[in-house]
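Some notes on local features follow, for reading alongside the coordinates. They cover surface charge and backbone geometry.

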Amino acid sequence: MINLETLNENQREAVCYTNGPLLILAGAGSGKTRVVTHRIAYLISRENVKPYNVMAITFTNKAAEEMKNRVNDIVGFGADQILISTFHSACLRILRQHIDKIGYKNDFVIYDTDDSKSAIKLIIKKLELDKKLKEREIMSKISKAKNDMISADEYLKYNEDDLRGRQIAHAYMEYERMLKNNNALDFDDLLLKTVELFKREKEVLLNYQERFKYIHVDEYQDTNKVQFEFIKLLAAKYQNICVVGDDDQSIYKFRGADITNILNFENVFKNTKVIKLEQNYRSTKNILDAANEVIKNNQERKSKKLWTSKEEGESIEYKILDDEYKEASYIATEIARMTEDGSYNYRDIACLYRTNAQSRIIEEKLLLENIPYKIVGGQNFYQRKEIKDIIAYLKTVDNAYDDLAVRRIINVPKRGIGLTTISKIQSYADQGGISFFDACLDERLLLSLGERTSKKINAFTYMIRKIRAGKDEDKISDIFEKVITETGYESELKEEDTIEAQSRLENIGEFFNKAVDFEEKNEKGNLSDFLSDVALIADIDNVSEDDNKVLLMTIHSAKGLEFPKVFLCGMEDNLFPSKMILDMNDERELEEERRLCYVAITRAMQSITMTSARRRMLRGDIYLMKTSRFIREIPSIYEKASSASQSRKSYDYKNDFSGITTEKQRDAFKRKAFNPSDYKVEKLSALSYGIGDKVKHIKFGIGTVKDIKDGGRDFEVTVDFEGKGEKKMFASFAKLVKL
DNA sequence: AGCAACGTTTTTTTT
DNA sequence: AAACGTTGCT
């Protein structure tokens with residue numbers, strides 16, 4: 001049952017203001033999710049709004065799931081009728097039903113970032129564009145254009161007198177053609193095409209306006225222009241639109257997030273009610289003070305003062321270590337200490353960093369201390385080669401319009417169909433205006449390719465068609481099973497019998513479980529539904545609260561989360577804030593980094609420890625690092641740390657990072673200041689374990705040492721892992737830890 | 001066609 | 001440092 005007594009005055013006002021546009025400016029930890037869930041509950045239980053008429057947009061699927069559960073807890077019924085999802089998922093649902101009205105097929109596939117990248121790569125080749133033009137740049141330009149709802153034609157018009165701009169425009173056009181031919185939409189299209197649909201098909205729009213009479217948007221500060229357009233259209237009729245955001249937490253500008261969406265809201269929706277939530281319930285006073293010290297350096301922000309009635313709490317820790325290894329060791333031993341003495345559970349602790357690359361060394365040290373952990377993001381599960389291969393197979397079985405998918409797997413595992421053949425097929429397909437797969441079935445083409453090659457191609461197409469034959473009766477898991485067996489994918493990996501192949505097989509197994517999972521949750525779901533579901537999964541979505549593990553992730557991934565204890569590492573200029581931004585010398589970019597720092601600090605509830613390294617290896621080069629300017633913006637902790645480190649200054653460097661700007665200087669500096677042997681991993685002269693000892697391996701877990709051979713350069717160790725069998729590995733590489 | 005060896009580049013963040 | 005692309009060899 002809903003209880004308004006538990007809310008503060010402003011929160012209650014926000015919950016009960018249900019008629020007309022509402023903008024909630026909610027600081028970090030001010031209970032905004034609580035407000036949204038209570039508001040939905042209030043609408044349903046007090047104002048008799050049908051759950052079916054309520055929509056809520058969240059930033060991740062995980063947040064959506066949590067919100068559903070919370071609403072369900074309060075209301076007790078009907079929560080499954082509310083549409084709570086991300087922008088992308090919501091648009092996907094709409095498009096699956098209606099996109100045929102604007103000239104697409106409803107069974108379109110979704111291109112993720114990697115797919116788009118390969119598409120652009122092909123386009124660069126095909127159009128013979130300037131080699132200087134990186135696919136990344138083209139991609140981000142196209143994405144930005146799409147976010148701003150600029151079509152390829154318009155893009156060309158705006159950039160006609162610029163050679164580079166023209167080339168990008170042509171790539172954009174070709175990319176659009178390619179997507180269309182492949183029956184594919186990219187992430188941006190999901191939004192864009194929905195808006196297009198709404199604009200062109202008034203009936204459809206009206207239908208959805210009638211359905212979603214009450215709309216909520218969480219993390220509003222990170223919406224982009226198309227997303228705002230989507231909301232504007234949907235809310236145009238009833239104007240019951242409630243958005244919640246915090247301009248200080250806008251950290252996705254690089255993805256098109258547009259802060260003017262907050263500033264403009266009141267202009268677009270007349271008579272908007274604005275409510276501010278400024279009381280923070282999450283963090284201690286010390287943590288909040290530090291966060292405020294940092295963020296107050298930003299010029300472009302709505303004035304607000306976040307406050308708390310909480311105690312000061314623990315003081316903020318800041319620790320400077322010699323290098324990234326010592327930094328990681330420090331964090332690991334601290335975690336070991338505070339979990340052993342019972343102050344925290346593993347799941348209470350998060351380790352946040354600016355870049356994914358930082359996770360590796362921390363992982364290593366946690367492993368050494370036997371601390372259970374989970375890394376969020378990084379090499380996304382769904383980006384791994386074996387998973388992408390399986391997905392490409394499933395796409396091909398589902399419908400073979402997606403040339404990219406077909407090309408990806410036509411020779412995986414090796415079937416003797418090489419690049420020459422593939423490009424012959426492709427150009428034939430291009431000429432005839434048919435799909436790659438259809439070209440593979442074309443008699444005339446096969447004849448011209450010669451008997452040997454065409455036999456191989458026939459074998460491939462036969463196999464795909466055979467699997468496809470059962471598509472409608474088979475369960476998703478059955479199709480999956482057929483794909484990995486009949487294509488020979490599984491057996492090839494099994495024969496390989498290496499550590500890597502083993503881990504690939506495990507990943508495929510995990511993916512299989514997800515397929516089964518999907519099957520159980522979505523009885524009506526077909527293969528395309530599964531595939532689009534998979535495309536929209538974010539890293540954070542797979543994190544479960546019941547795992548008692550330390551979480552490692554980027555600050556971006558940590559958005560919206562909170563932890564009793566936070567470690568924020570790599571607090572160094574040129575890492576955080578990143579070198580790219582410092583080089584740009586752009587105050588607005590720096591402010592975004594500062595907001596990121598603000599987000600990081602405000603994740604902490606009870607305690608935060610920030611760390612930095614004096615020297616660090618970045619892209620293979622070692623640099624001397626300087627304490628992050630964000631730390632320097634918190635006088636209380638910076639002064640303490642610098643006076644402490646003064647007394648123990650054991651390094652006599654003539655330079656530090658900030659003084660080194662040219663390659664030459666850096667090389668000279670490296671020769672002077674570093675003895676390489678300090679940083680190379682020494683070949684192990686003796687092992688810490690022997691035959692019969694129990695050891696732990698990063699991937700395989702626990703095993704018993706069966707044999708050790710001295711191969712001269714290195715030891716070759718044979719270990720029998722529990723449930724995984726015997727593996728041979730090199731000692732210096734395997735990093736086995738004695739238990 | 002397939003592979004090893006070499007040279008080159010690099011995202012910072014992600015639905 | 002690691003991943004990627006190209007080249008030249010078999």
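1. Pro 577 sits in the loop that joins strand E13 (563–568) to helix H27 (579–584). The model is a predicted one, and in it the peptide bond from Phe 576 to Pro 577 is cis, with omega near 5 degrees.

2. The loop between E13 and H27 also holds Asn 574. Phi of Asn 574 is near 80 degrees, a positive value in a residue other than glycine. Asn 574 counts as buried because its relative accessibility is 14%, and the cut-off for buried is under 20%.

3. A cis peptide bond also runs from Val 412 to Pro 413, where omega is near -5 degrees. Pro 413 belongs to the loop between helix H17 (403–409) and helix H18 (419–432).

4. Asn 370 is a non-glycine residue with positive phi, near 60 degrees. Its place is the loop between helix H15 (359–368) and strand E11 (373–375). With a relative accessible area of 36%, Asn 370 is partly exposed.

Definitions and conventions: Residues are numbered from 1 along each chain as its sequence is written. Chains are lettered from A and ligands numbered from 1 in the order in which they are written. This is a predicted model: local features need pLDDT of at least 70, side-chain atom pairs count only at pLDDT 80 or more; totals for chains, interfaces and linings use all residues. Side-chain values use heavy atoms; hydrogens and water are left out. Helices (H or I, at least four residues) and strands (E, at least two) are DSSP runs, numbered from the N terminus. Buried means under 20% relative accessible area, exposed over 50%, partly exposed in between (1.4 Å probe, protein chains only).
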